[in-house]
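Hi there,

Here is the structure I promised to pass on to you. Have a look at it first, and my notes on what turned up follow below.

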Amino acid sequence: MTPKSIDIESFKKKAVIFRRDILETVEGAGSGHPGGSLSAVEIFLTLYGYQLNHKPQEPKWEERDRVIVSKGHVSPVVYTTLANFGYFPKEELKTFRKFGARLQGHVHTKVPGVEFNTGSLGHGLSFANGIALGARMRGKDFKVYCIMGDGEIQEGSVWEAAMTSAHYKLDHVCAIVDYNKVQENGPTNEIKNLEPLVSKWASFGWNVIDVDGHSIDALKNAFDKFSVTTGKPTVIIANTIKGKGISFMEGKSAWHGKAPNKEQLAQALGELK
Amino acid sequence: MELKPTPTRDGFGEEIVTLGKTNSNIVVTSGDLEDATRAEYFKKEFPERFFNLGITEQDVVGTAAGLSTMGYVAFATSFAVFLTNRAYDMIRMDVCYNNCNVKVVCSHGGVTVGEDGASAQCLEDFAIMRVLPNMKVICPADYLEAKKATRAITNTFGPFYMRTSRAPLPIITKEEDSFVIGKANVLRKGTDATIIACGVMVSEALSAADKLNAEGISLKVVNMHTIKPVDVEMIVNSAKETGALVTAEEHQMAGGLGSSVAEVLGLHYPCPLEIVGVKDSFGESGSPAQLMVHFGLKDTNIIDAVKKVIRRKKG
C-alpha cells in the first residue's frame, strides 16, 4: 500500500484551530481538562485527518475504524476533533459539560463518533481488544485505535490488556500513548516512573514506534508503519508536551484539570498563531 | 427420572453449549477458571468462540464488553468473588454504563463453596451488582432453573449477573415450570407467612415450610430467582395475603434479597419482615453442610425467623 500524501501546512493551521476550540470550550464550561487535550491535538488531527477510515455523516458505518478514547477526560480535544470533522455542529461545543447536553464531561456515546463511554482510566485497551477479536471472527478488516494517557498506563488493567493484544496477535490494534510526562499531581516519572517505556511495551510483545507527538509528519509515518505491521499490535509512543502551545500551561500539572478564566483565555488565544 | 442434586454451575455449562449450537453469536471469556465455572463445556465444543484470557479479571470483563459491540452475546466468567469484586469498575463502566450485551456469570457464590474458605466465598455479590443501573441479577435455585435462566439471559439484551453454585443443590423445580425474568415462582401456597428465598435457600425454605406445616403453620414459599428487577407485585401481594415475610439468602443480610424486599415493603406495603442471611461476617473453611449450620442458613433458622415474624404480626 502506498502511503497517502499529506499537506503538512494545512494540518498545522488546523492544529491552531483545534487549540483555540479546546480553550474556548473549556473556558465556556468553566471546567474540564485542557492540559492533556492540548498535548493530544496532533495525535487526533493526524488520526482523523490522515489515517482513519471513517464517514462523519454515517458514524455507525459498519466498516469504520474504531477510535477508543481511553483517557476519557480529554473530551475537549475529542469533541473538538469530531465537530471539526463534521460529526456534529461546532456550535454544540458551547454546551460542553452543561446540564442536558450530549457533550458530557467525559466522553460519551451520546456524541456521534464516540465509541465507548470512559472516564475511569485503564478501560480502553481491553475493550479495543474485544472489538478486534470480534472483528476478526466476523471477517472485518477495520482497525481499532486506543488513545491512552501516560499517567493512565500506571493502571494494572492496561498491562492485562497489553498481554491479550500480543497473545492474540491483534495487529489491527494500534494503541497511542500521549506521553506528555505530567499527570494530575506532578511529573509522571516522579510519581511512578514509566521508563523505560519503549522497551517495556516491546517486552510485552508490541511493535513500538517512538515519535515526536507534535510532528504531523512523524505521526503520519508512524501510522504508515502500523498499517503494514502484521502479527503483533502496535503502540505509538507520542512524546508530547502537556498544555502544548500555551506558555503558561506547558508542562504544568496545575492545568491538567482546570479551566482558564477570560483573561487567561485571551492571553492563550493571543499566543496561538 | 429423578434428578440427583446437581450444582447450578452444571446447568449453566450444559445449557450454554446447547444454545451455542444454534446461536453462533455466543462467545465466552474466562479468567482461567473455566474448569470450575463449567464454561469449559463451551470451550470444548466451540474453541474458536472461547477466550481464556488468563488470570486477568479486569480484562475478562472489558474484552467481553468489546466483543459484545460486534453483535456477540458475551459471557464473562470466573468465580463470583473475582469478577464482582476485583473487576467491579469494569462491570460498572464497561458493561453497565455502556449498556453492553454482557452476561457476567459466576460460580462459587456463597458459603457452600466450602473448604476454600472466606476468600473464595462470595457473600456480597447481590448487593454490589443490584445497585448498578442497567444490571439485572439472577440466582437460580437448582440445575433445571439454571438452564432456563441461562437461556433467558442469552435471549434478553443487556447486562446480567448470574450466580451459580459449586455445591450440588436438590432439584426442587420441574421441567415444565416457567422461568420469566423478574417474575417469581410460587412453590407453596399458605396463609400465615411467606418465605421468599433464592438459590440454595429455596430448598431450605421448602423444608422449613414442610416442618411448620406439621405444626399447623401454613406458609407460602416463593422462589425469587430474579433479585433485580425484583418482583414487586409478588412481594406486595404476599404481604397482603399473609401479613408477614421472611427472606432467605446465602448472602450478607445487608444489601441482598432481604434488603430488596425491605425496600419494596417500606415503599408499598409495610409489614413485619425477618431476614435470614449471613450476619456481617466472612466465610470459613469447612464442608458446605457444616457452614450452612454455622452461618445460620438452615431450615431451622428459617423456622425460628417465621415464628418470630408471626409473633411480630400479632404484635
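In this predicted model, helix α1 of chain A (residues 8-29) packs against helix α10 of chain A (residues 262-271), with the two axes 10 Å apart and an angle of about 180 degrees between them. Angles over 145 degrees count as roughly antiparallel, so α1(A) and α10(A) fall into that class. If you want to find the contact on screen, look on the α1(A) side for Arg20(A), Leu23(A), Glu24(A) and Glu27(A). Their counterparts in α10(A) are Lys262(A), Leu265(A), Ala268(A) and Leu269(A). By class, this contact holds four nonpolar and four charged residues, and no polar ones.

Next, the place where the two chains meet. The contact involves 19 residues of chain A and 21 residues of chain B. On the chain A side, the elements that give two or more residues are α5 (124-138) and α6 (156-167). Of these, α5(A) provides the largest share, with ten residues. The chain A side is made up of eight nonpolar, nine polar and two charged residues.

Is it covered or open? Strand β13(B) has a parallel partner in strand β10 of chain B (residues 193-197), to which four bridges join it. For a point of reference in that pairing, Thr194(B) is opposite Leu245(B). Another parallel pairing, over five bridges, links β13(B) with strand β14 of chain B (residues 273-278). Here Thr247(B) faces Ile275(B) across the pair.

Finally, a few backbone details. As you know, most residues other than glycine have a negative phi, and most peptide bonds are trans. Here are some exceptions, beginning with the peptide bonds.

- Glu195(A) and Pro196(A) are joined by a cis peptide bond, with omega about 0 degrees. Pro196(A) sits in the loop between α7 (188-191) and α8 (197-203) of chain A.
- From Lys228(B) to Pro229(B) the peptide bond is also cis, omega being near 0 degrees. Look for Pro229(B) in the loop between β12 (226-228) and α10 (232-242) of chain B.

- Asp32(B) has a phi near 60 degrees. It belongs to the loop between β2 (26-30) and α2 (34-37) of chain B. Why does Asp32(B) count as partly exposed? Because it has 14 C-beta neighbours inside 10 Å, and the partly exposed class lies between the limits of 12 or fewer for exposed and 20 or more for buried.
- His108(B) has a phi of about 65 degrees. This residue lies in the loop between β5 (102-107) and α7 (125-130) of chain B. With 26 other C-beta atoms within 10 Å, His108(B) is buried.

Best wishes

Definitions and conventions. Residues are numbered from 1 along each chain as its sequence is written. Chains are lettered from A and ligands numbered from 1 in the order in which they are written. This is a predicted model: local features need pLDDT of at least 70, side-chain atom pairs count only at pLDDT 80 or more; totals for chains, interfaces and linings use all residues. Two strands pair if DSSP finds at least two bridges between them. Two residues are in contact if their C-beta atoms, placed from the backbone, lie within 7 Å. Ala, Val, Leu, Ile, Met, Phe, Trp, Tyr, Cys and Pro count as nonpolar, Asp, Glu, Lys and Arg as charged, and the others, Gly among them, as polar. Axes are lines fitted to C-alpha atoms, for helices over the stretch in contact, and angles run from 0 to 180 degrees between N-to-C directions. Angles under 35 degrees count as roughly parallel, over 145 as roughly antiparallel, 65 to 115 as roughly perpendicular and the rest as oblique.
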